[in-house]
Amino acid sequence: MKLYFSPTSPYVRKVMVLLHETDQLQDVELLNVATTPMSPAEPLLAKAPLTKVPALERPDGPTLFDSRVICAFLDARGQAGLYQDGARHWDVLTLEALADGILDAALLITYEARMRPEDKQWDDWADAQWDKVERACAALNQRWMAHLSGQLDMGQVAVACALGYVDFRHDARGWRKGNDALAAWYEKFAERPSMVATQPPA
Ligand SMILES: N[C@@H](CCC(=O)N[C@@H](CS)C(=O)NCC(=O)O)C(=O)O
């Protein structure tokens, strides 16, 4: 399998953490591609029409995207059980969706600053995206700590990758304020070898 990859993409990081945690890293070749909405990566065009990373090329089926589909596929392939069974399964999916929502909002703020000409940038819009991140962090801190502190699952991995990205690109906005329990949980989770090995380059 070939994983279209970027070392700074937090969505790719979800997949990489899963590969580490489930001992499947050796089954995947990493293809480093730079892709943005304004400059889609050529190698992705034929495989993944949305031209985003991650995308997973397989010898025996269509290329998979997005990160949630790839993670679910690799979890099933490795029989890892990171999506849990029963009622907890839906909690894991909701937690992963919440984490990906943090990423979507945070990435839009990044793109606003990096892609849009300076005279067209709109601070209120970026701040409104940040409001989503703040609401999501508050919800995690208030309602999800018991789940986050339980047995490892994909919801936890996604939340950790989302918080790692917010630190990486939007540290100055201070997501930890008022979220002490979440901050303490993240500090510990970030020590996992899978998280250390997949840190974005400085
Ligand atoms: N929902 C997608 C989002 C992936 C995504 O937005 N990746 C970014 C890199 S962090 C990208 O490839 N952006 C290029 C673009 O938007 O054209 C997923 O979960 O994989």
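A: Start with one term: a residue is near a molecule if one of its heavy atoms lies within 4 Å of it. Also keep in mind that this is a predicted model.

Q: Okay. How many residues surround the ligand, and which are the closest?
A: 14 residues surround the ligand. The closest are Lys52, Val53, Asp66, Ser67 and Tyr111.

Q: What lies 2.9 Å from a nitrogen atom of the ligand?
A: A backbone N or O atom of Val53.

Q: And what about Ser67? How far is its side chain from the ligand?
A: An N or O atom in the Ser67 side chain is 2.6 Å from an oxygen atom of the ligand.

Q: What does Pro37 do there, in terms of distance?
A: A polar backbone atom of Pro37 sits 3.3 Å from an oxygen atom of the ligand.

Q: What classes of residue make up the lining of the largest pocket?
A: There are 15 nonpolar, eight polar and seven charged residues.

Q: Which residues line the largest cavity?
A: Pro7, Thr8, Ser9, Pro10 and Arg13 are among them.

Q: Which helices do they come from?
A: Helix H1 (10–21) and helix H7 (154–170) each supply at least two residues of the cavity lining. H7 has the largest share, three residues.

Q: On to strands. Do S1 and S2 run parallel or antiparallel?
A: Parallel. Four bridges join S1 (residues 2–5) to S2 (residues 29–32). Leu3 stands opposite Leu30 in S2.

Q: What unit do S1, H1 and S2 make?
A: A right-handed β-α-β unit.

Q: What about S1 and S3? Parallel or antiparallel?
A: Antiparallel. S1 and S3 (residues 55–58) pair over three bridges. Leu3 turns up again here: its bridge partner in S3 is Leu56.

Q: How is S3 joined to S4?
A: By a hairpin, through two residues. S3 and S4 pair in the antiparallel sense over two bridges. Arg58 stands opposite Gly61 in S4.

Q: Now the backbone. What kind of peptide bond joins Val53 and Pro54, cis or trans?
A: Cis, with omega about 5°. Pro54 is in the loop between helix H2 (42–45) and S3. Val53 is the residue with a backbone N or O atom 2.9 Å from a ligand nitrogen.

Q: And the bond from Phe65 to Asp66, cis or trans?
A: Cis as well, with omega near 5°. Asp66 is in the loop between strand S4 (61–64) and H3. Asp66 is also listed among the closest residues to the ligand.

Q: Why point those bonds out?
A: Because most peptide bonds are trans.

Q: Last one. What is phi of Gln79 near, and where does Gln79 sit?
A: Phi of Gln79 is near 45°, a positive value in a residue other than glycine. Gln79 sits in the loop between H3 and H4.

Notes. Residues are numbered from 1 along each chain as its sequence is written. This is a predicted model: local features need pLDDT of at least 70, side-chain atom pairs count only at pLDDT 80 or more; totals for chains, interfaces and linings use all residues. Side-chain values use heavy atoms; hydrogens and water are left out. On a 1 Å grid over the protein atoms alone, a cavity is a set of points where a 1.4 Å probe fits but cannot get out, and a pocket is an open set with protein on both sides within 12 Å along at least five of seven lines; lining residues have an atom within 4 Å of a point. Two strands pair if DSSP finds at least two bridges between them. A crossover is right-handed if, with the strands pointing away from the viewer, the path from the first strand over the helix to the second runs clockwise. A polar contact is a pair of N or O atoms within 3.5 Å; within protein, one must be able to donate a hydrogen and the other to accept it, and residues adjacent in sequence count only if both atoms are side-chain atoms. Ala, Val, Leu, Ile, Met, Phe, Trp, Tyr, Cys and Pro count as nonpolar, Asp, Glu, Lys and Arg as charged, and the others, Gly among them, as polar.
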